[in-house]
Amino acid sequence: RTVAWPVADAARLAVDDFVVMVKDGPALELLLVGTGARQKPVSAEIRQLFAAARIGLEVMDTGAACRTHNVLSAEGRRVGAALIPVG
């Protein structure tokens, strides 16, 4: 499913931005986070949320996240993407 994600700045990412991805919907095995034009790290608290839920978390620039999502989806993997627009 597709859900609007009201996040526009990777520097402001917080655990609350990801709770719905961990608790709702079909179980993911991996979430790709696209942080805009450049890769930016996420906090240890966000990483802990995904580790506790046993969901892989990969952070990369948004273009790479889109490409990776397409490849993994084509392989039948349970992958999601949280994408910040480039621009």
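**Close-up views of a predicted model**

**View 1. Confidence along the predicted chain.** Confidence in the protein is lowest in α1, at a mean of 86, and highest in helix α3 (residues 62-74), at 98, where pLDDT is the predictor's confidence in each residue, from 0 to 100. The mean pLDDT of the protein is 93, and 97% of its residues reach 70 or more. Because this is a predicted model, local features need pLDDT of at least 70 and side-chain atom pairs count only at pLDDT 80 or more, while totals for chains, interfaces and linings use all residues. Residues are numbered from 1 along each chain as its sequence is written, and side-chain values use heavy atoms, with hydrogens and water left out.

**View 2. The two sides of helix α2.** Helices (H or I, at least four residues) and strands (E, at least two) are DSSP runs, numbered from the N terminus. In α2 (residues 44-53) the buried residues are I46, L49 and F50; they cover an arc of only 90° around the axis, taken from the directions from the helix axis to the C-beta atoms, which puts them on the same side of α2. A44, Q48, A51 and A52, on the other side, are exposed (buried is under 20% relative accessible area, exposed over 50%, partly exposed in between; 1.4 Å probe, protein chains only).

**View 3. Strand β1 and its partners.** In β1, 6 of the 6 residues are buried, so the strand is largely enclosed by the rest of the structure. Parallel to β1 run β2, joined to it by 5 bridges, and β3 (residues 79-84), joined to it by 6 bridges; strands pair if DSSP finds at least two bridges between them. V33 has V59 of β2 as its bridge partner, and L32 has A81 of β3.
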